[in-house]
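Me: Hi! Could you walk me through this structure with me?

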2 protein chains.
Amino acid sequence: MPTDSVGIVHPEIMVFDDTISLESGSELEGFQVAYETYGTLNAEKNNAILVCHALNASHHVAGVYADDKKNIGWWDNLIGPGKPLDTKKFFVIGVNNLGGCHGSTGPSSINPRTGRRFGGDFPIVLVEDWVRVQALVADRLGIKRFFAVIGGSLGAMQALQWSITYPNRILNSIVIAAAPKLSAQNIAFNEVARQAITTDPNYNRGHYYDKNVIPKQGLRIARMIGHITYLSDDAMAEKFGRELRKDSLAFNFDVNFQIESYLRYQGDKFAENFDANTYLRITKALDYFDPAADYDGQLRLALARVGGKFLVISFTSDWRFSPSRSHEIVKALIDNGKNVTYAEIDAPHGHDAFLMADSRYHNIIRRYLENA
Amino acid sequence: MPTDSVGIVHPEIMVFDDTISLESGSELEGFQVAYETYGTLNAEKNNAILVCHALNASHHVAGVYADDKKNIGWWDNLIGPGKPLDTKKFFVIGVNNLGGCHGSTGPSSINPRTGRRFGGDFPIVLVEDWVRVQALVADRLGIKRFFAVIGGSLGAMQALQWSITYPNRILNSIVIAAAPKLSAQNIAFNEVARQAITTDPNYNRGHYYDKNVIPKQGLRIARMIGHITYLSDDAMAEKFGRELRKDSLAFNFDVNFQIESYLRYQGDKFAENFDANTYLRITKALDYFDPAADYDGQLRLALARVGGKFLVISFTSDWRFSPSRSHEIVKALIDNGKNVTYAEIDAPHGHDAFLMADSRYHNIIRRYLENA
């Protein structure tokens, strides 16, 4: 085990018996949340950092499991003793979002009203709902205020939403590779992914668990589409090239180019490990996220009463949520006189850059937290 | 009928009995080609312009059919009496590419060796093959040399290939919204489209005609993916907005945003009118196009012996084949001392701009042809 790893970690479950009303108007009669923690909560309970996950991740943010040492947390390069989110100083929490498929109540859970799995009846859960559930977890842990809430992509939207929903419970929002709402093109990619799943003959309007099938074909395509949007064209070219040598052309539909092999592998792997019903709902949470919607589209007004300070980071080659989308957030915060640090990293990796161990990027987070 | 329309047109069929050997090594024992012509071939037979089609179009380039007045040719805004490709001056020819699904021999044709439809056994046909077949059509019409060969996107690749394969049979190549080869990202989008089709349960390795099914689900997704790449993000935003009003959110998987409705409509329409086997093969022709492959990747060497003059046009918002891809072509031509006119149009429509009636764009083609 590397000395800067948090080491062996244990997922935990927190059960909530009360009914929760969701933004959609639906209710859940009790639910559970899977989470992990790293480091130690201090006596003042003021050193907690919440890490919010994006589309396809979970509460397993750092470390490994005793019985599965290859299953390294998805942001392990950022979190650990001596790392930017230094677990010698901070108590770091990862929460599987409600509606997820990694231990929190979701579409594959039993619906207490029917005694059968929710399937297609599971409600759509929004960013606002996740933030509220995360606050309930914090309550249970005795955390009145987070030192920071951090996330990339959809995780960043949650970090931003925290500053809106709970302005007095957050000292710092770290908003990475974000957008204040999706563009029409972003929604279009999500919609094609959803259509691939919902038109898969195995989908059965979401009630596929009982039939012992999964809409694997559709989920596989959805994931492949997603992957293209996570990488920059340059990153793909560097990673895979084209291998376009005439003598290697097979003139059939097998793999001819490395990028084809990569996409098929990513699609297969994901389709076996992620729940299509969860994927469908998370893309909707992305589409619906729009804090300015209640303010006639004016983000400045939506962010007028946010709490805490902000670190906003974008990546030049990110074409999913380009730096200009972060500029919108930064401008709205500055217009409101908020304390904002903004960094634009000249990184070639596209949207996925937020997951990479780029030292310029990581040092910005490290210094920001040291000075916060 | 507008006075600048070519009016009622008639598709024609040309039958070739000889066996043709394709770039892939496969052979076809005879084939037929569907084509249309507009205007009049002059006595010297030196006023012919060949229009090459892209992924989803056909030989029906201009005018309408007597029994289907709504079926307007796909580049009707460019071709007709008084239009940039002026049919009072030019004899314009559209050819359905070999392997197509609009009248030329393709996967749904009868395989003479088996007496059944080719289906999945139809070979992959490359840009070089199409150009050779177009030359056979020209031979039959008595056209020794084209005044111009014009195309956008994959059609532009054919116009460029004409200057390589038949340097003495072409006076002008008009290469619009092109790339000298696909990027890894371009190939990735094609691959996801192919995977959507080939994993559709109805695909049956391409032998679906006999079973009276079509891989409609997959073809629909393929088309939706394509459409996203044809439009710029700005064009989508302007065309559809986001309609992200909280009070219109349905919290289900029906259409919430206009862009969703548009994509579903385009996918449905296409899947009912285009053959998936043809779509699969045309995307492969795109992936494989790479004139520099035989020259160690050096486009300058590949274009050393091209014939004719060149008009190259790109569009600023085209992110499928961005202006920088056209620059590669222009630079390689200039390095060889070729006569090149280059225009970069500041148009918001993305890749689809080549199909739009932008007057700046159309006037460049008009003037170029007047001065050629």
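Me: Which residues of helix α5 of chain B are buried?
Reply: In this predicted model, the buried residues of α5 (residues 233–240) of chain B are B:Ala235, B:Met236 and B:Phe240. They span an arc of only 100° around the axis, so they sit on the same side of α5(B).

Me: And which exposed residues does the face turned away from the buried side carry?
Reply: On that face of α5(B) you find B:Asp234 and B:Glu238, both exposed.

Me: OK, what covers the buried residues of α5(B)?
Reply: The cover includes α4 (216–230) and α6 (258–273) of chain B, together with α3 (184–198) of chain A.

Me: What follows α5(B)?
Reply: That would be B:Gly241, which has a positive phi, near 60°.

Me: New topic. How can chain B be laid on chain A?
Reply: A turn of 180° with a shift of 0.0 Å along the axis does it, and the RMSD is 0.0 Å. The two copies are therefore related as by a two-fold rotation axis. The same surface serves both copies, as 100% of the contact residues of chain B recur in chain A.

Me: How many cavities of 30 Å³ or more are there?
Reply: The count is three.

Me: Which element gives the most to the lining of the largest cavity?
Reply: α4(B) does, with five residues. The lining as a whole divides into seven nonpolar residues, four polar and one charged.

Me: And where does the largest share of the second largest cavity's lining come from?
Reply: From α4(A), again with five residues.

Conventions. Residues numbered from 1 in each chain as written. Chains lettered and ligands numbered in written order. Predicted model: local features only at pLDDT ≥ 70, side-chain atom pairs only at ≥ 80, totals over all residues. Heavy atoms only, no water. Buried < 20%, exposed > 50% of the residue type's maximum accessible area, 1.4 Å probe, protein only. Helix = DSSP H or I, 4+ residues; strand = E, 2+ residues; numbered from the N terminus. Arc of directions from axis to C-beta. Contact = heavy atoms within 4.5 Å. Least-squares fit on C-alpha atoms with pLDDT ≥ 70 in both. 1 Å grid on protein atoms, 1.4 Å probe; cavity = no way out; pocket = protein on both sides within 12 Å on 5 of 7 lines; lining within 4 Å. Points joined across faces, edges and corners; volume = space filled by probe spheres on them. Nonpolar A, V, L, I, M, F, W, Y, C, P; charged D, E, K, R; others polar.
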